[in-house]
Amino acid sequence: MRPLTLWRYEARRAGWAALLGPPVAVALGVSAALVNTMPGDATKARILLGALEMAVPLAAGVGCASLVGRDPAVELQLAAPTPYRVTLLRRLAVTLVWAAMVAGLTAAVLIATGWWARWPANHGPFAGQLTWAAPTVGLGAVGFVAGAVFRSPAAAGALVSTVWTFQQLFADLAQEHLPGRLLYLFATTRGPVPGDWTGNRLALLGAAATLVALALVVLARSERLIGEEDE
Amino acid sequence: MTSQTARALGASLRYEFRMQVRKPSVWIVPALTVVLFLLIGGSLLRDLFDPDESSDDARTTVVGLAVQVHTLLSIGYGCLLADRLVRDDRLRVAPILDATPARPSARLVGKYLGAGAATAVPILAVYFGFAAAYAVHTGAPDALGWALATCAVVIVPGLLFVAAFALAVPLIMPAPLFRVFFVGYWLWGNVVAPDMMPTLARTLIHPLGGYPLDALLDFHGIDGGDTWAGPVPGATLNFLRPDPTPTTAWLSIAVLLALAAVALAGGHAVRARRA
């Protein structure tokens, strides 16, 4: 199979939600910024950056949570020369790269129009891309490992959504201590300690790598994947 | 309702309940949510037994507990229910079920009530567990009465509203995409301040139960300084925010249940068109 055909196939198997989620999330975030009635450009810029830091990771996280348990005849996948977990890793990559393309394009538009710079804690146009990259990869990894453990997109999606909502509703409490601050997803738009930003972004990426490795270990036990998902 | 319809409804309700309540994920997701709740300091759950943090008033404490449990556990509730109705099509059992004498509408209502009740069992277990522990710890048995009342006028209508949309909406979009929309809606329609952007928060369509909390349970936040319903100066959609009175509180509950019925009827119509 030609590589491009393969990747196109994996994109289809990742599902519509993985493809539609990030652009829909950006559209909703931009709409929220447009209808916001609070005075000041900084508030509007914060909501626009929030679309990248909050909405895109949620869409990507739920997309990644829905990768395991989608194949109707997983026995065929397990019998193929390519290990199934490599196939799932490719779908994870497709989901995250697509979210990154959407977020990167949105960020470029925000930088070009000057809205990026209007949020004081923006961390510049280059390192600032970690605004969306770190939480997207972090929440994506949470979704992937939850999907691998539960084998149920419903449970994994519920867990990703709950973690995301927790950090939204308890922003201050979640960042009270250093470990919580390091793993806080929305440090650019809601982080009270700007000095922790770089550490936070790197910690999220590190945690994501660890979680994906854990998911691959869980997925190596292929007999767990046979049979219907946890209905 | 004919007796056959009633039997079909009862049978599918019992079956869906048993099927859902045995799913490990229905228990694991709320359990992990409670663990997160306990880990993050300062939340009411952890401070329930700390006399310095919790309110002296049993009613305020158990109603505040309900608000926190309802806000957070409803997210998992909606996400877990999102695959229930589309599942019949995915497993290709829908045509077999359609061939039985049981009417599709009765099966749909049975599935709605059965799966919805089963997914609510862990949430109610968490809530009443903590309320009972509080009642024993503080020697205030009336806490359990307030917990029952809060459950009846706030949690149950909210969950019925969520369950109807969680069942019906995935018929017209992929279930994961519904989960993203639902979480976004839950935050926007319940928590966002009305003077920040147009929102359904504090309106009659408020699944967190602002009107019943305010007018039926006289709850104004743990500190007593919050308002959960009614008009906000300068906010849009204020026509949906009448002053909170017992009548508007019951009206709010009726609106939530009516919208749930509309969502279910819409889901039924979509399935009927596809059949």
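Here is a quick look at a helix contact, the nonpolar cores and some salt bridges in this predicted model. Local features need pLDDT of at least 70 and side-chain atom pairs pLDDT 80 or more, while totals for chains, interfaces and linings use all residues. Residues are numbered from 1 along each chain as its sequence is written, chains are lettered from A and ligands numbered from 1 in the order written, and side-chain values use heavy atoms, without hydrogens and water.

Let's start with the cores (buried Ala, Val, Leu, Ile, Met, Phe, Trp, Tyr and Cys joined through side-chain atoms within 4.5 Å; buried means under 20% relative accessible area, exposed over 50%, partly exposed in between, with a 1.4 Å probe and protein chains only). The largest has 86 residues, and Trp164(A), Tyr77(B) and Tyr112(B) are among those touching the most other members. Helix α4 of chain B (residues 58-81) gives this core its largest share, twelve residues. A separate second core of 42 residues includes Val56(A) and Leu96(A).

On to charges: the whole structure has 13 salt bridges (a Lys or Arg side-chain nitrogen within 4 Å of an Asp or Glu carboxyl oxygen). Here are three of them.

| Pair | N to O distance |
|---|---|
| Glu10(A) and Arg91(A) | 2.8 Å |
| Asp57(B) and Arg59(B) | 3.3 Å |
| Asp98(B) and Arg107(B) | 2.7 Å |

Salt bridges with shared partners also link Glu10(A), Arg13(A), Asp71(A), Arg90(A) and Arg91(A) in one network. Glu10(A) is buried at 2% relative accessibility, and Arg91(A) is buried at 1%. Asp98(B), by contrast, is partly exposed at 35%, whereas its partner Arg107(B) is buried at 11%.

Note on methods: Helix = DSSP H or I, 4+ residues; strand = E, 2+ residues; numbered from the N terminus.
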